[in-house]
Amino acid sequence: MQSSEPSLLTVVRSVHRALSHPGFLHAALLLTTLHWAWHTGDVEQFRVPYLYHKVQAIRFVNEQLQNPENAASDGTIAVVASLAVMEV
């Protein structure tokens, strides 16, 4: 039976990508603050980090959209998708 858990290699690659790419980093931290707030029920404690990483992710997307080569890159699309998830 196949496990639904990601492999260690998949996790390591994801962490490496997040730490080496500013857009992924802020999107990952944004998702993390939201996830933590949902599970603790303490939204106020995470408001400042949530807003900081959201603004940084938006800033990253705006910078990427200034360059036609980066506008439709995987990184830009991933950050936009993460921002969209936050709004649902």
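Start by selecting helix 3 and zooming in on Pro49: the helix bends by about 30° there. Keep in mind as you click around that this is a predicted model.

Stay on helix 3 and check its length. It has 23 residues, which at 1.5 Å a residue should span 33 Å, and the end C-alpha atoms sit 31 Å apart, so the two figures agree.

Now show the side chains that are tucked away. In helix 3, the buried set is Phe46, Tyr50, His53, Lys54, Gln56, Ala57, Phe60, Val61 and Gln64.

Next, pick out Gln64, still in helix 3. Is Gln64 buried or exposed? Its relative accessible area is 15%, and the cut-off for buried is under 20%, so Gln64 counts as buried. Draw a distance from its side chain to that of Asn70: you have a polar contact at 3.5 Å. Leaving aside residues up to four places away in sequence, Gln64 touches Asn70, Ala71 and Thr76.

Thr76 takes you over to helix 5, where it is one of the buried residues. Select residues 74-87 to get the whole helix: 14 residues, reaching 20 Å from the first C-alpha to the last, close to the 20 Å expected at 1.5 Å a residue. Colour the buried ones, which are Gly75, Thr76, Val79, Ser82, Leu83 and Met86. Why do they end up on the same side of helix 5? Look down the axis: they cover an arc of only 125° around it, which puts them on the same side. The general rule behind such patterns is that an α-helix has 3.6 residues a turn, so residues three or four places apart point the same way. As for what covers these buried residues of helix 5, bring up helix 2 (22-40), helix 3 (43-65) and helix 4 (68-71), which are among the elements doing it.

Then click Met86. Not counting residues up to four places away in sequence, Met86 touches Leu30, Leu31, Leu34 and Tyr50.

Last stop: the largest nonpolar core. Select Ala27, Leu30, Leu34, Tyr50, Ala57, Phe60, Val61, Val79, Leu83 and Met86, 10 residues in all. Which helix gives the largest share? That's helix 3, with four residues. In soluble globular proteins, nonpolar side chains tend to be buried together.

Technical notes:
Residues are numbered from 1 along each chain as its sequence is written. This is a predicted model: local features need pLDDT of at least 70, side-chain atom pairs count only at pLDDT 80 or more; totals for chains, interfaces and linings use all residues. Side-chain values use heavy atoms; hydrogens and water are left out. Helices (H or I, at least four residues) and strands (E, at least two) are DSSP runs, numbered from the N terminus. The expected span of a helix is 1.5 Å times one less than its number of residues. Buried means under 20% relative accessible area, exposed over 50%, partly exposed in between (1.4 Å probe, protein chains only). The arc is that of the directions from the helix axis to the C-beta atoms. Contact means heavy atoms within 4.5 Å. A polar contact is a pair of N or O atoms within 3.5 Å; within protein, one must be able to donate a hydrogen and the other to accept it, and residues adjacent in sequence count only if both atoms are side-chain atoms. The bend at a residue is the angle between axes fitted to the seven residues ending there and the seven starting there. A nonpolar core is a set of buried Ala, Val, Leu, Ile, Met, Phe, Trp, Tyr and Cys residues joined through side-chain atoms within 4.5 Å.
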